[in-house]
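Good morning, and thank you for coming. Please take a moment to look at the structure on the screen before I describe selected parts of it.

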Amino acid sequence: MSTGLSEALHILVQWQCTPNQALAILKLDPDQPFPAVLSEEQCERVTFVLNIHSDLGTIFDDPEDVYGYMSSPHDDPYFEGKSPLELISTGDLTVFERVCWHIDAMRVL
């Protein structure tokens with residue numbers, strides 16, 4: 001298993017992600033959740049998880065906020081009362097990308 005995938009899975013656990021959510025987020029096959037080689041899209045998804053985690057570490061000082069942000073519903077109109085985890089768990093890469101961009105933009109506010 002790649003180091004990036006291992007780290008992303010560890011972060012997803014910290015975000016209180018269920019196994020089914022992790023499979024959808026990383027687009028992993030339930031019959032082979034730890035592929036020897038990741039597809040280009042899977043690599044992109046791993047990168048999004050790592051980048052979001054890094055951005056949250058920059059935005060928040062408290063580890064509870066860093067790890068709790070993704071599983072908490074937000075009043076931010078972008079999230080429409082949902083948690084970012086709910087949105088990225090749909091498996092839609094475009095939604096995942098937009099959540100990543102939105103959180104990245106929070107660093108400069």
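This is a predicted model: local features need pLDDT of at least 70, side-chain atom pairs count only at pLDDT 80 or more; totals for chains, interfaces and linings use all residues.

I begin with Gln42, which is buried because its relative accessible area is 11%; buried means under 20%, exposed over 50%, and partly exposed in between, with a 1.4 Å probe and protein chains only. Residues are numbered from 1 along each chain as its sequence is written, and side-chain values use heavy atoms, with hydrogens and water left out.

Gln42 belongs to helix H3; helices here are DSSP runs of H or I with at least four residues, numbered from the N terminus. Leaving aside residues up to four places away in sequence, Gln42 touches Leu26, Lys27, Leu28, Pro35 and Val37, where contact means heavy atoms within 4.5 Å. A polar atom of the Gln42 side chain lies 2.8 Å from the backbone oxygen of Lys27.

I turn now to helix packing. Two packed helices are described by the angle between their axes and the distance between the axes. Axes are lines fitted to C-alpha atoms over the stretch in contact, and angles run from 0 to 180 degrees between N-to-C directions.

How do H1 and H3 pack? Helix H1 (residues 3-14) meets helix H3 (residues 40-59) at an angle of about 55 degrees, and their axes are 9 Å apart. H1 is therefore oblique to H3; under 35 degrees counts as roughly parallel, over 145 as roughly antiparallel, 65 to 115 as roughly perpendicular, and the rest as oblique. On the H1 side the contact is made by Gly4, Leu5, Glu7, Ala8, Ile11 and Leu12, and on the H3 side by Val46, Val49, Leu50 and His53.

H1 also packs with helix H2 (residues 19-26), at an angle of about 135 degrees and with the axes 11 Å apart. This makes H1 oblique to H2. Here Leu5, Leu9 and Leu12 of H1 meet Ala22, Ile25 and Leu26 of H2.

Finally, I consider two loop residues. Most residues other than glycine have a negative phi. Gln16, in the loop between H1 and H2, has a positive phi near 65 degrees, and Gln16 is exposed, with a relative accessible area of 57%. Glu80, in the loop between helix H4 (63-68) and helix H5 (84-88), has a positive phi near 50 degrees. Glu80 counts as exposed because its relative accessibility is 64%.

Conventions:
A polar contact is a pair of N or O atoms within 3.5 Å; within protein, one must be able to donate a hydrogen and the other to accept it, and residues adjacent in sequence count only if both atoms are side-chain atoms.
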